[in-house]
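Hi! Here are my notes on the model you asked me to look over. Have it open while you read.

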Amino acid sequence: MRRSPLQDGWELSPNDPTGPRFRIEDIYPCVDGGRYPIKRVAGESVEIWADIFREGHDVLAANVIWREEKANDWHREPMRLHSNDRWHGRFAPPTPGWYLFAIEAWTDQYATWRKEFLLKQEAGQDVALTAREGYELIIELMPYEREPRLLVEAAAEKFTETGDPAHLLDDLLAAAIGTSELRPDLTRSHVVPLLAERERARAGAWYEMVPRSQGRVPGQHGTFKDCIARVPEIADLGFDVLYLPPIHPIGHTNRKGKNNSLKVAPGDVGSFYAIGDETGGHDAIHPELGTLDDFRRLVEVCKQHNMEIALDFAVQCSPDHPWLKQHPEWFKTRPDGTFKFAENPPKKYEDIVNPDFTCPDRIALWEALRDVILFWCAQSVRIFRVDNPHTKPLPFWEWMIREVRDRHPDTIFLSEAFTRPKVMRALAKLGFSQSYSYFTWRTTKAEIEEYLTEITSHPARDFFRPNLFVTTPDILPVQLQTGETWMFKSRAALAAMLSSNYGIYNGFELIEHEPLPGREEYLDSEKYEIRTRDWNRPGNIKAYLKQLNTIRRQNPALLQTNDLRFLQVDNGNVTGFLKESIEHDNAVAVAISFAGGPQEFWLHFGADEIGRSGNRKGVRVIENLVTGERHMLEWGGIRLRIDPNDDPALFFRCTA
């Protein structure tokens, strides 16, 4: 029989009348026809929808079938007709890992007979022959399993003895017949892959810390012990992930000086992205930070404070990296025999050499890079922020991420790719758990609402999880360069409330804002030098960040991103939105100002409803999550005022 992309590989033809009669179409969720996995969280229900139909008026039945990718046996969950040939079912993948699901449909012969019998009986027609047909049908559909088989045999025997068709109409009999495996027109859809991840992949507050700048003595290199000393403070602020830029040895050749200068002064520490020297490479620790045991202690202390370590995976080497001597074939050389340093014209990175992913010995290179991740997994690290993945081959990432997850299914990968939208989405599709975004450059109400609507709508919502970083070591956004406290608070509130994943770079809490003239970069960036700070200096916004993270933890609605609904606000300087939890038992409304002066506005909820399925209603009361004040809505909305000098945002728990 010939294959077709329409349905389980079957194609009907006059010479092949036995092909399936069903159409199983518009399966949701599904990414690119099943080429890439949808993303969900382990233990939570996955809602499945599909159009299922065939000709005629027979009663149809359908199941969602699912299994772990490497398992042999399918699990089955029933689907129910919703309306207009649209069917719905669900299943819950129990643990992180790769899964497959598909849809099976067939004609429910017994239910079809039963429906027709009852219609004829109701119309007063002679049903004796129809009853006899029902008897023969249940004999034909006899289940294999013992208990349902005994029930069907008993019903058949009673009908034979009495001729009463009531014995063929019992609900228990219908359930027993439902276990029959005789389904001659059974049709299966194409298979859809699913990646189930742990909860941290969906929600987390990230704090980016540069370890060498955590010391207390000006100019003195920080250590892991200094990092450990700060863990209680960062945990108290409510952060879940402590993210460290590269912690490896730094090369000497072409080392960069302060502010990315080509001139190096004595004592310049270089860029931590120029990875590797004579002491080691990607699986080594910078000697001045401490030892591997010190790092393990940091991981353990974070765990004690309910935090996790995330490490930076930057696929680049300094000219002093051991690989350049051990495996020179992994790198490109120029006509003069020198290794080709990294460039992104007109930018030059003289202190970095990139591996050649297409070199003849690329299998060994790919495996070596995978083994770097596995080495840090062995040190109990399960979160990796990947630097510039868009500059490396996409097939490598798809292979490497699967290789790691096959061994450690709970591993999370964050893609740091500020690049073209389709490339960012491709990286998300092939396995990255989270993605950096354009949030940094969306600065107006219209820009924020348009962009967040785009990435939280179908189809992006099924594979793209944004992680909204307000600043990074590379980026000091223009809107923060004036150092206005209200703006720092506004951007933090936008990131923390709009997305379930967000992050800050250390120094944000201190309102650090001095740029290189005309650039979106920090002056005296700690990418190239050690910065010693007073983490409690006056004017900091640590209390505000703690408040944001506390509100997030107390309201599950804020620990998801996909259910985001922008509300009507009659002020162009204020955005308002409503979010609901996965279980629909918590709803939060937020209003945030984009301007510095006092703002008055009408926050209108319109026809938006909240609550569990079957009991959804409009919002009636909102409770201020900071002050505790409660307000009854009038005409579907409320008049509010924001003074950014106090707080550029308002947070409300909503009840119906």
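1. Ground rules. This is a predicted model, where local features need pLDDT of at least 70, side-chain atom pairs count only at pLDDT 80 or more, and totals for chains, interfaces and linings use all residues. Residues are numbered from 1 along each chain as its sequence is written, and side-chain values use heavy atoms, with hydrogens and water left out.

2. The largest pocket. Its space comes to about 1600 Å³. A pocket here is an open set of points on a 1 Å grid over the protein atoms alone, where a 1.4 Å probe fits, with protein on both sides within 12 Å along at least five of seven lines; lining residues have an atom within 4 Å of a point. There are 44 lining residues, and N344, K347, Y349, D387 and N388 are the closest to the centre. Strand 15 (347–353) is among the strands that supply at least two lining residues, and with five it gives the most. Strands are DSSP runs of E, at least two residues long; helices are runs of H or I, at least four.

3. Second largest pocket. This one has a volume of about 1100 Å³. S45, E47, R461, I582 and H584 are the closest to its centre, out of 33 lining residues. Strand 2 provides the largest share of the lining, three residues.

4. Aromatic pairs. How many turn up in the whole structure? The search finds 32. Rings of Phe, Tyr and Trp (its six-membered ring) pair if their centres lie within 6.5 Å; planes under 30 degrees apart are stacked, over 60 edge-to-face, and the rest tilted. W113 and F117 are tilted, because their planes sit at 35°, with centres 5.3 Å apart. Both belong to helix 1 (residues 109–122), four residues apart.

5. A pair across the sequence. F239 and Y502 have ring centres 6.4 Å apart and planes at 40°, so they are tilted too. F239 is in a loop and Y502 in strand 20, so the pair ties together parts 263 residues apart in sequence. Buried or exposed? F239 is buried, at 0% relative accessibility; buried means under 20% relative accessible area, exposed over 50%, partly exposed in between (1.4 Å probe, protein chains only). Y502 is buried as well, also at 0%.

6. N571. This residue is in the loop between strand 22 and strand 23, and counts as buried at 12% relative accessibility. A polar atom of its side chain lies 3.1 Å from the backbone oxygen of E600.

Methods
Polar contact = N/O pair within 3.5 Å; in protein donor to acceptor, adjacent residues only side chain to side chain. Points joined across faces, edges and corners; volume = space filled by probe spheres on them.
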